[in-house]
Amino acid sequence: MDMAQTRTNLFGLDRQGLRDWFAQAGEKPYRADQVMKWMYHRHVTDFAQMTDVGKALRSKLEAVAEIVPPNILFEKQSTDGTHKWLLGMDARNAIEAVFIPESSRGTLCVSSQVGCGLNCQFCSTATQGFNRNLSTAEIIGQVWVAARHLGNVPHHQRKLTNVVMMGMGEPLLNFENVVRAMNIMRDDLGFGLANKRVTLSTAGLVPMIDRLSEESDVSLAVSLHAPNDALRTELVPLNRKYPIAELMDACLRYTQKRPRTTVTFEYTMMKGVNDSPELARQLARLVRKVPSKINLIPFNPFAGTRFERSDESAIREFQKILLDAGALTMVRRTRGDDIDAACGQLKGQVADRTRRQAEFRKKIEKGVADAA
Ligand code: SF4
């Protein structure tokens, strides 16, 4: 093992990566498995405490590696049990992660980028602009912080049962780092989550949905929010590049690769914007061909937004039309809105956003394959 100038943060390597890293250092690959168990099952970050790893190797590891979680800048628990962390990613940027406990499961909403450049009109994160992608270590670090806080032990005391890549950022624009982090989430030596309990949510990057279906095996959610191109382009500008018909075809291909899986369509309900009975009928027709379910999300207002939450009666009527048409449709209960942790309300601290935002837009215009 050579002395490295900067130490490798082992949170950045999945099992294969860690095994390769040990092998390159002339150590047996099973050492990687031992270290992973200490990191993810026992929440140990100090090599000195890894008692089944020989003393000489522990000293070597201390010289070239580190296990560093994100810095907790602030945390807050909602009256409904929802827990939010503001996590420092570097000296100037911070992101948010949110844990939502329910009777039968505990879901952590994880961020993939500092800010976001896709500019969805109803999204609080979008108002901050984009700064940078998160590393694998910064993504998995969010899960680790929550798991340690909860006293989660994979396979024994499982409080964290689901992860949704639905926080700040578009995960498919940070493809490699997100896929590697999701590998650790699903690994028995990592957080041991079942494939279907890790969900990636995208605004609809069609080529990257296809790539995801080749390289990972997680659940897919799509932020749809409108059933026709005119309205969707207004709400989700990315729709101009990847219109609804192409997006639906990509979703269908995704499900065809995985029998018995469904795509979740997220639909944020905004008063007088996308909540009419006619749009519900359009949506029912649209999703018919794709094995799917629909999540209706009452809009969560944030400072400066021009949108309002749909009335309860409009949401119920919209849901009824979909259900009557045979589309499995749920209304997501709003959680954590007293601490701004509800869906679409996440906001961290984003530095240097203007220049990077312009660069990001150019990349999107050029094509997402370059941007990923
Ligand atoms: S909804 Fe998602 S993709 Fe759209 S701007 Fe917000 S974080 Fe980005």
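Select histidine 225 first: 27 C-beta neighbours lie inside 10 Å, so the residue counts as buried (20 or more other C-beta atoms within 10 Å of its own; 12 or fewer is exposed, anything in between is partly exposed, and C-beta atoms are placed from the backbone). Histidine 225 has a positive phi of about 65 degrees although it is not a glycine. Its place is in the loop between S11 and helix H7 (229–235); helices (H or I, at least four residues) and strands (E, at least two) are DSSP runs, numbered from the N terminus.

This is a predicted model, in which local features need pLDDT of at least 70, side-chain atom pairs count only at pLDDT 80 or more, and totals for chains, interfaces and linings use all residues. Residues are numbered from 1 along each chain as its sequence is written.

Next, select serine 223, in strand S11 (residues 219–223). Serine 223 counts as buried because it has 25 C-beta neighbours inside 10 Å. Leaving out residues up to four places away in sequence, serine 223 touches Ser201, Thr202, Ala203, Val236 and Glu266 (contact: C-beta atoms, placed from the backbone, within 7 Å).

Now show the ligand. Around the ligand are Cys116, Leu118, Asn119, Cys120, Cys123, Thr125, Ala126, Met168, Gly169, Glu170, Ala203 and Ser223 (C-beta atom, placed from the backbone, within 6 Å of the molecule). By class, this shell has 7 nonpolar, 4 polar and 1 charged residues; Ala, Val, Leu, Ile, Met, Phe, Trp, Tyr, Cys and Pro count as nonpolar, Asp, Glu, Lys and Arg as charged, and the others, Gly among them, as polar.

For comparison, colour the UniProt "binding site" positions: the unreviewed entry lists Gly169, Glu170, Ser201, Ser223, Leu224, His225 and Asn300. Such annotations may be inferred rather than shown by experiment. Of these, go to asparagine 300, in the loop between strand S13 (292–298) and helix H10 (312–324). Asparagine 300 is buried, with 21 other C-beta atoms within 10 Å.

Move to helix H4 (residues 136–150) and helix H5 (residues 175–186), which pack at an angle of about 35 degrees with axes 8 Å apart. Axes are lines fitted to C-alpha atoms, for helices over the stretch in contact, and angles run from 0 to 180 degrees between N-to-C directions. Thr136, Ile139, Ile140 and Val143 of H4 make the contact with Asn177, Val178, Arg180, Ala181, Ile184 and Met185 of H5. This contact has 7 nonpolar, 2 polar and 1 charged residues.

Finish at histidine 43, in the loop between helix H2 (30–41) and helix H3 (55–64). Phi of histidine 43 is near 55 degrees, a positive value in a residue other than glycine. With 17 C-beta neighbours inside 10 Å, histidine 43 counts as partly exposed.

Conventions
Two residues are in contact if their C-beta atoms, placed from the backbone, lie within 7 Å.
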